[in-house]
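How do the helices of this protein pack, and where does the chain leave open space? Take a look at the sequence and the model first.

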Amino acid sequence: MITLYDLAFDGDRRPSPYCWRAKLALKHKGLKWRDEPMGFNEKQKIAFAGSETVPVMHDRTKVVKDSWAIACHLDEAYPDKPLFPNDPGRNYARFVNGWADTVVNPAIFPLIVADLVGGVRPVDKAYVVESRSKRIGSSDFAGFQKKAREGNGFAAFRATLEPARRVLREQKFLSGDAPAYPDYILLGTFLWPQTISPDLELLEKDDPVVGWRERMLPLVA
């Protein structure tokens, strides 16, 4: 049995883009797993893995932390339906992973930070307020988010997607004719704001990324 430790917000919402990557990888493989929700203040649940962040996966006797390591483990342990079918060296997927982590996700954060802080479990609120205040240099989350949305926040985020846009003008998915792990990385990014700020539209209607997102979202069900 596979157990996946997943970050839970109030109302059992699961916004973590990194946990989404792991769940989408498991779905791609057709594997079943037991979900173990945890809050920011329940790090003792994953202490056995030597980790303070999720996702963490316990697959029989194997413990794997970090979404990238989980994807690599799944491809090695369950070779059917590979996550890197056209990328045997995983170099393209590794680039997409780093691009999302360091460029795309940070551009989304200012647009949803107040919703993130407001959406956590009450028991986690103090921790999240303190940690996110340090990140933005202010405890006025609503003001920070409003400034980002009314300023150039959307334009800045959309600009980060140009590498994906150029690929998606030529093919249906980042990975070619069918989705694979690079697509799940970026889809996890979009599921983050969709889960916590469902009325927020990040893209313009004619963006090629919109069509890709519409093709990808049925995979979440």
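Keep in mind that the model is predicted.

Two packed helices are described by the angle between their axes and the distance between the axes. Each pair below is read in that way.

Start with helix α1, residues 17–29, and helix α8, residues 181–196. Their axes come within 8 Å and cross at roughly 130 degrees. The crossing of α1 and α8 is right-handed. From α1, the contact takes in P17, W20, R21, L24, A25 and H28. From α8 come Y181, Y184, I185, L187, G188, T189, L191, W192 and T195. Ten of these contact residues are nonpolar, four are polar and one is charged.

Stay with α8 and turn to helix α9, residues 208–216. This pair packs at an angle of about 95 degrees, with the axes 11 Å apart. Angles of 65 to 115 degrees count as roughly perpendicular, so α8 and α9 are described in that way. On the α8 side, the meeting residues are D183, Y184, L186, L187 and F190. They face V209, W212, R213 and M216 in α9. Seven residues of this contact are nonpolar and two are charged, with no polar ones. Y184 and L187 of α8 take part here, and both also belong to the contact with α1.

α3 passes α6 in a left-handed crossing. W99, V103, V104, A107, I108 and L111 of α3 make the contact with G153, F154, F157 and T160 of α6. Eight residues there are nonpolar, two are polar and none is charged.

Now for the open space. The largest pocket has a volume of about 740 Å³. Its lining counts 31 residues. L7, S16, Y18, R132 and R135 lie nearest the centre of this pocket. Which elements give two or more residues to the lining? They are α1, α2 (67–77), α3 (91–119) and α4 (125–136). α3 gives the most, with six residues. By class, the lining of the largest pocket has 16 nonpolar, seven polar and eight charged residues.

Note on methods: Residues numbered from 1 in each chain as written. Predicted model: local features only at pLDDT ≥ 70, side-chain atom pairs only at ≥ 80, totals over all residues. Heavy atoms only, no water. Axes fitted to C-alpha atoms, helices over the stretch in contact; angles between N-to-C directions. Helix = DSSP H or I, 4+ residues; strand = E, 2+ residues; numbered from the N terminus. Left-handed = near helix turned anticlockwise from the far one by under 90°. Contact = heavy atoms within 4.5 Å. Nonpolar A, V, L, I, M, F, W, Y, C, P; charged D, E, K, R; others polar. 1 Å grid on protein atoms, 1.4 Å probe; cavity = no way out; pocket = protein on both sides within 12 Å on 5 of 7 lines; lining within 4 Å. Points joined across faces, edges and corners; volume = space filled by probe spheres on them. Parallel < 35°, antiparallel > 145°, perpendicular 65-115°, else oblique.
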